[in-house]
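User: Please take a close look at the salt bridges in this structure, and explain the terms as you go.
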Amino acid sequence: RVTPGCPVAATCGGCDWIPLELEAQREHKLELLREALRRTGGFDEPPGLRIVTAGEPWGYRTRIRLQLRGGKVGFHAAGSHDLVEIEECLVSAPEVGAALSRLRRALGRGTPLGDEFASVEIRCAPGSSRATYFFARARGRALSARGRALLAELGREDVVVVEGEPGTEAELERFE
């Protein structure tokens with residue numbers, strides 16, 4: 001075990017492996033793969049498995065799903081639905097971090113706008129300056145004029161998609 005470099009690691013439910021030293025993380029993940037191949041693939045001992053990394057242990061995630069409540073943005077706490085507000089996510093790629101900053105600026109901390117949406121997924125391609133935001137509406141909530149303005153603001157730089165419409169089957173609405 002190591003002391004994680006992330007300030008919210010003790011409460012955030014996003015990174016289960018972060019308290020382990022990097023090499024231990026990789027070995028445990030490899031063992032999970034071996035177990036899955038034994039259990040579902042019928043292998044006694046899966047041959048030729050080795051660890052291949054994608055690079056650095058920080059700044060690699062190109063997609064994160066965040067919860068929105070009362071203008072606050074964060075992850076669910078481990079084992080609960082409590083919100084752990086975040087300023088940044090250290091495992092997210094720099095492009096995702098920049099998109100999160102744009103979202104936080106547009107929301108304006110402490111405004112109730114986040115109640116219109118249950119969550120938002122942010123995706124970015126490595127090296128891209130544009131993000132895609134997938135907002136999921138809060139159950140039974142219609143979009144306010146302020147909500148539409150926020151989405152249009154984000155849509156000037158990025159792609160914004162709103163999933164679902166209260167009272168109808170899931171629809172996608174794009175804001176640009």
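Analyst: Buried here means under 20% relative accessible area, exposed means over 50%, and partly exposed lies in between, with a 1.4 Å probe and protein chains only. By that definition Glu121 is buried, because its relative accessible area is 3%. This is a predicted model, in which local features need pLDDT of at least 70, side-chain atom pairs count only at pLDDT 80 or more, and totals for chains, interfaces and linings use all residues. Residues are numbered from 1 along each chain as its sequence is written, and side-chain values use heavy atoms, with hydrogens and water left out.

Side chains of opposite charge can pair when their charged atoms come close. A salt bridge is counted when a side-chain nitrogen of Lys or Arg is within 4 Å of a carboxyl oxygen of Asp or Glu, and the whole structure holds 10 of them. In one of these, Glu121 meets the side chain of Arg63 at 3.7 Å, N to O. That pair links distant parts of the chain, with Arg63 in strand S1 and Glu121 in strand S4 (residues 117-124), 58 residues apart; helices (H or I, at least four residues) and strands (E, at least two) are DSSP runs numbered from the N terminus. Arg63 counts as partly exposed, at 48% relative accessibility.

Another salt bridge joins Arg104 to Glu85, with the closest N and O atoms 3.8 Å apart. Since Arg104 lies in helix H2 (residues 94-107) and Glu85 in strand S3 (residues 83-85), the pair ties together parts 19 residues apart in sequence. Arg104 is buried at 9% relative accessibility, whereas Glu85 is partly exposed at 25%.
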